[in-house]
Amino acid sequence: MHNNTINNVTVIGSGTMGNGICHVFAQAGFNVSMMDIRQDALDKAIATIAKNMDRQVQKGSLTEEAKQVSLARIATYTDMGEAVKNADLVVEAATENIDLKLNIFRQLDALAPASCILASNTSSISITKIASVTKRADKVIGMHFMNPVPVMKLVEIINGYATAAEVTSTIYKMAEQLGKVPCVANDYPGFVANRLLLPMINEAIISLQEGVAGVTEIDTIMKLGMAHPMGPLQLADFIGLDVCLSILQVLHSGFGNPKYAPSALLVNMVQAGYLGVKSGEGFYKYTAGSKDLVVSPMFAKKEWN
Ligand code: CAA
């Protein structure tokens with residue numbers, strides 16, 4: 001039996017997704033343990049959560065008192081055993097690397113209480129594969145939050161091959177308690193969100209590579225023509241071009257269909273270290289403190305004479 005009353009949630013990883021996930025759980029009243037291997041990463045994550053809660057306070061969607069109470073619900077750990085010893089649910093949000101994730105799940109299986117549900121925020125790694133390294137495949141599930149977590153309403157829930165229906169139901173209800181809208185998908189490459197999103201992003205990059213249009217034109221067409229909040233190239237920068245590439249590789253190898261092959265331009269950009277917002281440059285160039293969207297000089301029209 002799993003514990004269908006979730007009070008204590010441990011989040012593994014304190015990066016963008018991990019701190020966003022801690023933020024929404026703490027705000028919804030859960031006791032949160034945030035675990036990372038480095039204390040300075042944890043301190044930075046707490047500062048980020050406080051800053052993002054300040055935005056909500058300024059907008060009037062959170063009181064200063066509720067912010068303080070929510071922050072006080074988050075404890076930080078660098079030791080996994082300590083972080084998960086009382087957990088009813090663990091949400092893993094570590095770097096998107098299969099070996100790393102499998103290793104974390106082996107450890108979680110050994111360290112977390114037997115009744116604890118183990119969820120992964122993976123954007124494309126098979127939940128069935130992750131579950132296969134544990135002795136509790138029925139309690140392993142995908143809980144795919146979207147960035148920025150406090151803003152985006154969706155939680156894509158992914159059932160592994162052996163996930164128990166009661167576990168899915170517990171996670172579904174809990175996502176609703178977080179104020180999110182859960183949608184359940186089965187475990188096939190890319191699930192639903194990224195199976196649809198990444199081919200669009202890849203096609204935008206191929207269009208740029210072919211010279212169909214420039215960066216601004218491609219993004220403006222999708223923003224103003226399809227009411228997307230960000231164009232696909234800006235969104236690729238926001239997600240991280242390395243993450244986009246790895247999801248496309250999962251789709252490509254998982255389905256064996258050439259339509260998912262990552263564009264050569266994307267591969268080049270990742271190899272050159274142009275990863276988008278996190279590296280300071282991708283399709284756009286980012287300057288700290290500036291909200292202006294400046295196209296990378298790499299995509300400016302070149303005059304050779
Ligand atoms: N925490 C809390 N609040 C935040 C926030 C954060 N991290 N980031 C933004 N906000 C709030 C702002 O305070 C603002 O609040 P109000 O509406 O109350 O004023 C609101 O969100 C909008 O923010 P901004 O005004 O700063 O900027 P914006 O209007 O340009 O919106 C955006 C920014 C929400 C990111 C918007 O551009 C957007 O929705 N982009 C698309 C995001 C998207 O597609 N995410 C999914 C990526 S795919 C993924 O995550 C999964 C994967 O596996 C790859």
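Domain bounds here come from an automatic or database domain assignment.

## Two domains

On that basis the chain splits into domain 1, covering 8-186, and domain 2, covering 194-299. Taken over C-alpha atoms, the centres of domain 1 and domain 2 are 27 Å apart. Six residues from domain 1 and six residues from domain 2 make the contact, where contact means heavy atoms within 4.5 Å.

A word on the model itself: it is predicted, so local features need pLDDT of at least 70 and side-chain atom pairs count only at pLDDT 80 or more, while totals for chains, interfaces and linings use all residues. Residues are numbered from 1 along each chain as its sequence is written, and side-chain values use heavy atoms, with hydrogens and water left out.

## The sheet

Let's turn to the strands. Helices (H or I, at least four residues) and strands (E, at least two) are DSSP runs numbered from the N terminus, and two strands pair if DSSP finds at least two bridges between them. Eight strands form an open sheet with mixed pairing, in the order β3-β2-β1-β4-β5-β6-β7-β8. Because β3 (74-77) and β8 (181-186) each have a single partner strand, they stand at the edges, and one side of each is left without a neighbour in the sheet. From one strand to the next, the twist averages 25°.

Within this sheet, β1 (residues 8-12) and β4 (residues 89-92) run parallel and are joined by four bridges. Thr10 stands opposite Val90 in β4. Helix α2 (residues 39-59) lies across β2 (31-35) and β3, and runs at about 160° to β3. For such angles, axes are lines fitted to C-alpha atoms, for helices over the stretch in contact, and the angles run from 0 to 180 degrees between N-to-C directions.

## Helices α9 and α10

The axes of α9 and α10 lie 7 Å apart, and the two helices pack at an angle of about 100°. They are therefore roughly perpendicular to each other (a term for angles of 65 to 115 degrees). From α9, Val215, Ile218, Asp219, Met222 and Lys223 make the contact, and from α10, Pro232, Leu233 and Gln234. By class, the contact has five nonpolar, one polar and two charged residues; Ala, Val, Leu, Ile, Met, Phe, Trp, Tyr, Cys and Pro count as nonpolar, Asp, Glu, Lys and Arg as charged, and the others, Gly among them, as polar.

## Gly231 in the loop

Gly231 sits in the loop between α9 (215-226) and α10 (232-239). With a relative accessible area of 0%, Gly231 is buried (under 20% relative accessible area, 1.4 Å probe, protein chains only). Leaving aside neighbours within four places in sequence, Gly231 is in contact with Asp219 and Lys223. Gly231 and Ile218 are 13 residues apart in sequence, and 7.1 Å apart in space, C-alpha to C-alpha.

Definitions and conventions. Buried < 20%, exposed > 50% of the residue type's maximum accessible area, 1.4 Å probe, protein only. Parallel < 35°, antiparallel > 145°, perpendicular 65-115°, else oblique.
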